[in-house]
Amino acid sequence: MKYIKAMKSIVNSISDEQLSQYFKNYVESTQCKERHTDIACDEVEVYDSMLSSIFPNDINVQSKLYDKMMDVSVEYEESGFMAGYRMCLEHLKQAIA
C-alpha cells in the first residue's frame, strides 16, 4: 500500500519542466545514434533539396530556413515526448488505482 501511495504521489507531481528535462536527457543519451524514423530522415533530405532548388545561390537563406525548420521540429518532438509521457503516467495511475 505504501508503494502505491508513493507511486501516485510521483505520478501526480511531475511538472512540465521535469518532463522537458527528461526529454533533454533523452536527446543527450542518443548522441551518435539515430533517433528518427527513416521517413523523417527522408523528409529532411527532400526539404534540403527543395531549399537548394528554390534558393540555389543563397546559402544564407537556405541555412536560415533549414535552421528554423529544425527548431520547429525539435519543439514538436519535445511536445510529443511530453504528451506520450503524460499518457503513460495516466495509464500507470489507472493501473495502480
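## Asp16 and Arg86

At 43% relative accessibility, Asp16 counts as partly exposed (between the limits for buried, under 20%, and exposed, over 50%, with a 1.4 Å probe and protein chains only). Arg86 is also partly exposed, at 29%. This is a predicted model, in which local features need pLDDT of at least 70 and side-chain atom pairs count only at pLDDT 80 or more, while totals for chains, interfaces and linings use all residues. Numbering runs from 1 along each chain as its sequence is written, and side-chain values use heavy atoms, without hydrogens and water.

Asp16 and Arg86 form a salt bridge through their side chains, at 2.9 Å from N to O (the term requires a side-chain nitrogen of Lys or Arg within 4 Å of a carboxyl oxygen of Asp or Glu). Asp16 belongs to helix H2 (residues 16-29) and Arg86 to helix H4 (residues 59-96), so the contact ties together parts 70 residues apart in sequence. Helices here are DSSP runs of H or I with at least four residues, numbered from the N terminus.

## Glu90 and Lys93

The structure holds two salt bridges. One of them joins Glu90 to Lys93, with the closest N and O atoms 3.2 Å apart. Both residues sit in helix H4, three residues apart, so about one helical turn separates them. Glu90 is partly exposed at 40%. Lys93 is partly exposed too, at 25%.

## Confidence

The protein chain has a mean pLDDT of 87 (the predictor's confidence in each residue, from 0 to 100). Of its residues, 90% reach 70 or more. Among the chain's elements, helix H3 (residues 38-54) has the highest mean, 93. Helix H1 (residues 2-13) has the lowest, 68.

Conventions:
Helices (H or I, at least four residues) and strands (E, at least two) are DSSP runs, numbered from the N terminus.
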